[in-house]
Every structure is written in C-alpha cells, then in structure tokens.
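Visitor: I am new to this structure. Please show me how to read it, feature by feature.

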Amino acid sequence: MSTPKRIIVGISGASGAVYGARLLQALQGMTGVESHLVVSRAGWLNLRHELDMERAEVEALADHVHDLADVGASIASGSFAAHGMVVAPCSMRTLAAIAHGLADNLLTRAADVVLKERRRLVLLTRESPLHLVHLRNMATVTELGAICCPPMPAFYQRPTTIGEIVDHSVARALDLLGLDNDLAPRWQGLPKNS
C-alpha cells in the first residue's frame, strides 16, 4: 500500500475562511491524500462568522486535526513526510511570522518546517490594499521558496456564483501542490473568432 500524500492545511484569521473550508472538502474527496488541519484562534472566529461553521463541523472535514498550541505535534517536525502545506486564507500576521521564522504556534511552525525541508508552501494571502511591509514579507517568503497565491477572481472564466470564484482559487492552490482536480474549468484559449 502506498503512502498517502500528506497535505497540511492552515486556516488563519484573514477574511476568506471559505477558501480553507473548500480546500478541506476538495482534499476529502481525493484518493491517496491525507489532510492535517491546524487553525488559528482568529481562524476559528472567521469560520463561525463568515460560514456559520462550528468547530466540530470543520474538524470533520480533515483526516487529522492539530491544536494550535501543540508545538510537539507530528507536523512540527521535518521527519513528518508532508507533501506540502497551504495556508488558506493567510493573514498578514501569519505571513509576517512565516517570513521572519517566528514559529510561535503550530501553524507557523509547520510552515517553517515545510520551508526548511524545501517542500511546497502555498499562501493564499488576503489583504487589500497592501502596504510596503506586506509586500516585503511576500517577497521574503517567495525568496524562501513559498508561493504567494492571493485568491483573485478569474473573470475570464465568467463565473456566475461565489462558489465558482472560490473553486477557481482552490483549484489553483491544488495545482501548485501537484494535485489533480477538476474544481474549475481549464483555460482552452480564446475562441478563434474573438
């Protein structure tokens, strides 16, 4: 039996909790994938406020759930063979902690481990407008090997629902992890008569 691809999902306190929840739902439906969830305190608040989701409901979407304060959890070690990690959404506070190696909780420690082990780290950074420190932190994590992937609407797909907009961003994050998915249509190019 082959080892599953372990994906760590962090949900931090930026607006956009739907991205983390939808990512967990998508991973749940994938064969050979094992999800590990860690949520910040503000992340839990946003899941309840934005989606009316209670903790147990969110935890049921993950294969394994880790407490934010448990810095001795499996995902805090480089010997834990994670395929990659997504922070969805990624607040500017979480971005700053990752950029500067401040592994002060399990979410930021897991991200730090993913970076030091040269594994894929995808950050769905959420803020607007951005000031210079935000931009510098994005540049820093990019130099460290992470991918900043702000969840931007793709209007060329002509979305008609919020769900389609969310699915496009989640599909991009899954693509960046090398996980096949069909959440959003693939661009086929403009029609020849355009």
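Visitor: Does Glu34 count as buried or exposed, and at what relative accessibility?

Guide: First, the ground rules. This is a predicted model, where local features need pLDDT of at least 70, side-chain atom pairs count only at pLDDT 80 or more, and totals for chains, interfaces and linings use all residues. Residues are numbered from 1 along each chain as its sequence is written, and side-chain values use heavy atoms, with hydrogens and water left out. Now the general idea: buried means under 20% relative accessible area, exposed means over 50%, and partly exposed is in between (1.4 Å probe, protein chains only). Glu34 has 16% relative accessibility, so Glu34 counts as buried.

Visitor: Where is Glu34 placed?

Guide: Helices (H or I, at least four residues) and strands (E, at least two) are DSSP runs, numbered from the N terminus. Glu34 sits in strand S2, residues 33-39.

Visitor: Which residues is Glu34 in contact with, leaving aside neighbours within four places in sequence?

Guide: Contact means heavy atoms within 4.5 Å. With those neighbours set aside, Glu34 is in contact with Pro4, Lys5, Arg6, Ile7, Asp63 and His64.

Visitor: Which residues does UniProt list for "binding site" together with Tyr156?

Guide: Read such records with care. UniProt positions are given in the numbering used here, feature names are shortened, and annotations may be inferred rather than shown by experiment. An unreviewed UniProt entry lists Tyr156 and Arg172 for "binding site". Tyr156 lies in the loop between strand S6 (147-148) and helix H7 (162-176). Its relative accessibility is 46%, so Tyr156 counts as partly exposed. Beyond neighbours within four places in sequence, Tyr156 is in contact with His168 and Trp187. Arg172 is in helix H7. At 37% relative accessibility, Arg172 also counts as partly exposed.

Visitor: What else does the UniProt annotation "binding site" cover?

Guide: In the unreviewed entry, the annotation covers Gly13, Ala14, Ser15, Ser40, Ser91, Met92, Arg93, Thr94 and Arg126. Take Ala14. This residue is in the loop between strand S1 (5-11) and helix H1 (17-28). Ala14 counts as buried, because its relative accessibility is 7%. Not counting residues up to four places away in sequence, Ala14 touches Asn46, Pro89, Cys90, Ser91 and Arg126. Now take Arg93, in helix H4. Arg93 has 45% relative accessibility and therefore counts as partly exposed. Leaving aside neighbours within four places in sequence, Arg93 is in contact with Asp104, Asn105 and Thr108.

Visitor: At roughly what angle do the axes of H4 and H5 cross?

Guide: Two packed helices are described by the angle between their axes and the distance between the axes. Axes are lines fitted to C-alpha atoms, for helices over the stretch in contact, and angles run from 0 to 180 degrees between N-to-C directions. The axes of H4 (residues 92-99) and H5 (residues 106-116) cross at roughly 45 degrees and come within 9 Å. Angles under 35 degrees count as roughly parallel, over 145 as roughly antiparallel, 65 to 115 as roughly perpendicular, and the rest as oblique. H4 and H5 are therefore oblique to each other.

Visitor: Which residues of H4 and H5 meet?

Guide: From H4, Arg93, Thr94, Ala97 and Ile98 meet Leu107, Thr108, Ala111 and Leu115 of H5.
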